[in-house]
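Good morning, and thank you for coming.

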Amino acid sequence: MSRVIAGVLFLVAVFMLLGTACGGGGKGRQVAIAQTDEGCTPQTVQAARGEKLTFKIQNQGKKDHEFEGVNGAKVPEVEVPAGRTRSVDYTAPKQNGTQQIKCYIPNGSTTMISVTVGG
Amino acid sequence: MLFSFLVTLREGVEIALVITILLGYLRSTGQRRHFREIWLGAGVAAAVCLAVGAGLELASRELDSQLVEGFEGFTMLFAVALLTAMAFWMKRQASGISSELRAHVDQALGAGSMATLVLLAASSVGREGLETTLFLFAGSATAGAGLSFVIGGLLGFVLAAFIGVGLYHGSSRMPLKPFFTISGVVVIVLAAGLVSNGVAHLHESGLLSNIGVRPWDTDALIASTSTLGQFLNTLLGYDSAPALSQIVLYWLYLLGVAAAFLWLPAAARPPQRAVQPAISSPGRS
């Protein structure tokens, strides 16, 4: 019985190491995003091809906000509770183009933020 | 990765156990020629589960992102209900499952219907398989990394298959009772995380507008967007600023269900139904 428990604990430790080793994430150029109950600003962001950005999202409103990449933009989804700040790392694609981030309050205001890559 | 590994290991051993009992019984009664039907049934079950999984995945991709949140939220809470029921069921049946399956095999063979045998294998394996499908889908809704989730799941199944082969040949010294007790507790811990995540997803979908104040914020310590934060989120339901309802429901579920699982005596099983003899003998009149 104790050997089974030791085995399970060992596996958990191995996976914890694997889980953290793959992560990290370098901090990119900081881009401040402000959220209010009316919407998000700015609505356009410039990025170089392949540039690493870190969105610093500050929710100044009274309602919880969602922030996520849409239509293939690789911005992980994050919930920003009212009055809190969250950071999200993002790497711009290697081609010129426009990517979209949806910044919204569920059942409330929605702002589409366009990230212009290159150009 | 650990999430999918733990799920497929536990469920995989359950599936292996069912198949082992079926094959072992046929072997001991000299009916190896019916192995085919068992494998056919297991194959049918696997195909159905894969189709259901693909359907869930496609459905969640087609929907608008806000609807997806709601869909995932409901799936998570449904998975919690099902998993809890199954953990208790497994505890109760652990001793009786073998004799029950053997009785069903006798019935199928007695009726001379091979289709019934295929159906028996398909439904016994399929029940575990669908549980796995739902559990994995609910977990993948929060998991950050795609590939490692798949690898973890495959590793769990491979290990379960080895255990199954060992069980069949009688060489495995696997202590089944402690395995199902420990993995049952693991399932309850994972399900508690799904309770918290399910509430968060319903909130994000706009279905639950107010889920309470958020008493603390540990995002500076472990950011919810970091790899560690996502790992802990999938495994334990970590939220850097959980709302009061998430906290309360998480601990109520975890402590209540774990205590019931560990300390409540297994309920008495319903009386076994009389098994029809394979060959009917002329009755005394």
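Let me begin with a detail at the end of a helix: helix 7 of chain B is followed by Gly206(B), whose phi is positive, near 90°. Please bear in mind that this is a predicted model. Helix 7 itself covers residues 176-204 of chain B, 29 residues in total. From its first C-alpha to its last it reaches 41 Å, close to the 42 Å expected at 1.5 Å a residue.

I turn now to chain B as a whole. How many helices and strands does the secondary structure of chain B come to? There are 9 helices and 0 strands, so the order of elements from the N terminus reads α-α-α-α-α-α-α-α-α. Chain B has 285 residues, and buried residues make up 42% of them. Of the contacts in chain B with a separation of 6 or more, 83% are accounted for by residues 24 or more positions apart.

The largest nonpolar core holds 57 residues, and the members that touch the most others are Leu22(B), Ala121(B) and Ala191(B). Helix 1 of chain B, residues 2-28, supplies the largest share of this core, with 16 residues. Which residues does Ala121(B) contact, leaving aside its neighbours within four places in sequence? They are Leu22(B), Glu37(B), Ile38(B), Gly41(B) and Ala42(B). Apart from this core lies another, of 20 residues, which includes Leu53(A), Ile57(A), Val88(A) and Ala92(A).

Those last residues bring us to chain A. Of the 119 residues in chain A, 29% count as buried. Among its contacts between residues at least 6 apart in sequence, 62% join residues at least 24 apart.

In chain A, 4 strands form an open sheet with mixed pairing, in the order 2-1-4-7. Strand 2 (39-41) and strand 7 (85-91) are the edge strands, each pairing on one side only. On average, neighbouring strands of this sheet are turned by 25° against each other, direction ignored.

Finally, let us look at one pairing within that sheet. Strand 1 of chain A, residues 29-36, runs antiparallel to strand 2 and is joined to it by 3 bridges. Here Ala34(A) stands opposite Thr41(A), which lies in strand 2.

Conventions: Residues are numbered from 1 along each chain as its sequence is written. Chains are lettered from A and ligands numbered from 1 in the order in which they are written. This is a predicted model: local features need pLDDT of at least 70, side-chain atom pairs count only at pLDDT 80 or more; totals for chains, interfaces and linings use all residues. Helices (H or I, at least four residues) and strands (E, at least two) are DSSP runs, numbered from the N terminus. The expected span of a helix is 1.5 Å times one less than its number of residues. Two strands pair if DSSP finds at least two bridges between them. Axes are lines fitted to C-alpha atoms, for helices over the stretch in contact, and angles run from 0 to 180 degrees between N-to-C directions. A residue is buried if 20 or more other C-beta atoms lie within 10 Å of its own, exposed if 12 or fewer, and partly exposed in between; C-beta atoms are placed from the backbone. Two residues are in contact if their C-beta atoms, placed from the backbone, lie within 7 Å. A nonpolar core is a set of buried Ala, Val, Leu, Ile, Met, Phe, Trp, Tyr and Cys residues joined through C-beta atoms within 7 Å.
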